[in-house]
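I opened my notebook to record, step by step, what I looked up in one protein model. The entries are meant for a reader who has the sequence and the structure at hand.

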Amino acid sequence: MHRRRLLKLLAGSALLRPTAALAFAPSANKLSSADEDLLDDIERRGCLFFAEQASPHTGQVLDRARWDNSNGALDPRKMASIAATGFGLSALCIAEKRGYQPSKQVTEQVRRTLRFHCDTLPNQHGFFSHFNDIETGEPFRGSEISSIDTALLLCGVLTARAHFHHDAEIVRLATTIYERVDWPWMLNGEKTFSMGLRNGVFLPSRWNHYCELMMLYLLALGSPTHPIDPACWDAWSRPTMHYAGFDYISAADPLFVHQYSHAWFDFRNQRDRYADYFANSILATRAHQAFCLALGKPYSPDYWGISASDSQHGYTAWGGPGSRGGGSDSSGFGGIDGSVVPSATAGSLPFLPSACLRVLHSLKDRYGKQAWGRYGFCDAFHPDAQWYDPDVLGIDLGIAVLMAENLRTGFVWETFAQNPEASLAMQRAGFHKL
């Protein structure tokens, strides 16, 4: 795409220049009644997934479920995801706050979930298997003991502890789950975390460059029982991407890496010795939009946003700028084919509200009949190919729900920040106010 044409499209979608990032003030966003209605619908439907697609016995949340579920029945597939369960615990706090579901029902589900993860679900040094049978807790074949997915679970655990702080059992269970995690053990003698274990052996891959890893290191830094050395925060690299005039910390990764840690930790108006990570995610989202628009049709200011998601050919970690050569004609991981992933823009709502809302309104208005169901958007779709994902994914619904609420009220940020370990971790990592 010609650069002048690209800039015209960017201007039409209210994209600011990179140098304006520091002036961005989420609290100043004025949402229209239509925006509020859409965001509330996204949240209400997403929270319903976490209520219905969780075991009534263990509280574990399914990794995925059918998009066209019409009656709320539990999907017959048995694979639960601890990451989805972590998002679910946070979503249940939102559901209770907003009255989407009865408070007593939500509170009991939170207790049930924490009991199972505290007392029954197998763990190694406090870390859990990524995928487990939703009823028995038995790990699925090939599932690793996952450091990052355990971190996602813990973010939900601590959000629930803070929101339900008057419930002694919830506080006790959540505290036990968090404080028993032996973070130095997962370092395995180094300063960066292993991605996990399989068959009792640490995986050689490590969390050693900027991505969704910040929550992992911060949870470990704030631990009152098994903290890691603050030097570990400095041990992972922060490579710089250059794309279409945007310079920001990233690697050739999917867009979600700029969202997940930000769903809980509030990086606004503060920085460490390296970066203002909230401003960095704004730039990453802008660059991602520019990348999509440079691909040409069907992408437009009304239709953009790709991330790790389902595709016509299976689960695909679609990248962005730099994922294949870094040029404007880069096709990204998996060969980007014209699909759109609603959670890509929904998960970036606090970073680029107007542009992301424009996409979400457009997707619902134009493709709602085929792509909008009981739990909101299906995971991904490609209208030109007449393909609409038959499933929704818990983690993708989860990031949409949490970031929609953060844009509206900052509730998840403010609730999570009530945990004293969160502020201690930020201090140990060297964060200071701008």
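**Entry 1: cavities**

I kept in mind that this is a predicted model. I began with empty space, since rolling a probe the size of a water molecule over the atoms shows where it is left. My search of the whole structure gave three cavities of 30 Å³ or more, and the largest cavity holds about 160 Å³ of space. I noted that 18 residues line this largest cavity, and that Pro 342, Phe 377, Asp 396, Leu 397 and Ala 400 are the closest of them to its centre. Among the elements that give two or more residues to this lining are helix H2 (33-52), helix H10 (342-346) and strand E15 (376-377), while H12 gives the most, with four residues. Sorting the lining of the largest cavity by class, I found 13 nonpolar, three polar and two charged residues.

I then turned to the second largest cavity, which contains about 70 Å³ of space. Its lining includes Tyr 248, Ser 250, His 258, His 288 and Pro 321, and by class the lining of the second largest cavity has six nonpolar, three polar and one charged residues.

**Entry 2: Asp 396**

I went back to Asp 396, which lies in helix H12.

**Entry 3: helix H8**

I asked how many residues of helix H8 are buried. The count is eight of eight for residues 214-221, so helix H8 is largely enclosed by the rest of the structure. Among these buried residues I wrote down Met 214, Tyr 217 and Ala 220.

**Entry 4: Tyr 100**

I looked up Tyr 100, which sits in the loop between helix H3 (82-98) and helix H4 (103-119). Is Tyr 100 buried or exposed? Tyr 100 counts as buried because its relative accessibility is 12%, and the cut-off for buried is under 20%. Not counting residues up to four places away in sequence, Tyr 100 touches Asp 40, Glu 43, Arg 44, Cys 47, Ile 94, Ala 95 and Arg 408.

**Entry 5: salt bridges**

I recorded 26 salt bridges in the structure. One network of salt bridges links Glu 36, Asp 40, Glu 43, Arg 44, Lys 97, Arg 98, Glu 405 and Arg 408.

I also followed single pairs. Glu 421 and Arg 161 meet through their side chains in a salt bridge of 2.7 Å, N to O. This pair links distant parts of the chain, with Glu 421 in helix H14 and Arg 161 in helix H5, 260 residues apart, and both Glu 421 and Arg 161 are buried.

Arg 198 forms a salt bridge with Glu 144, where the closest N and O atoms are 3.7 Å apart. Here too the pair links distant parts of the chain, 54 residues apart, with Arg 198 in strand E6 and Glu 144 in the loop between strand E3 and strand E4. Arg 198 is partly exposed, with a relative accessible area of 34%, whereas Glu 144 is buried at 13%.

Key
Residues are numbered from 1 along each chain as its sequence is written. This is a predicted model: local features need pLDDT of at least 70, side-chain atom pairs count only at pLDDT 80 or more; totals for chains, interfaces and linings use all residues. Side-chain values use heavy atoms; hydrogens and water are left out. On a 1 Å grid over the protein atoms alone, a cavity is a set of points where a 1.4 Å probe fits but cannot get out, and a pocket is an open set with protein on both sides within 12 Å along at least five of seven lines; lining residues have an atom within 4 Å of a point. Grid points are joined across faces, edges and corners, and a volume is the space filled by probe spheres set on the points. Ala, Val, Leu, Ile, Met, Phe, Trp, Tyr, Cys and Pro count as nonpolar, Asp, Glu, Lys and Arg as charged, and the others, Gly among them, as polar. Buried means under 20% relative accessible area, exposed over 50%, partly exposed in between (1.4 Å probe, protein chains only). Contact means heavy atoms within 4.5 Å. A salt bridge is a side-chain nitrogen of Lys or Arg within 4 Å of a carboxyl oxygen of Asp or Glu.
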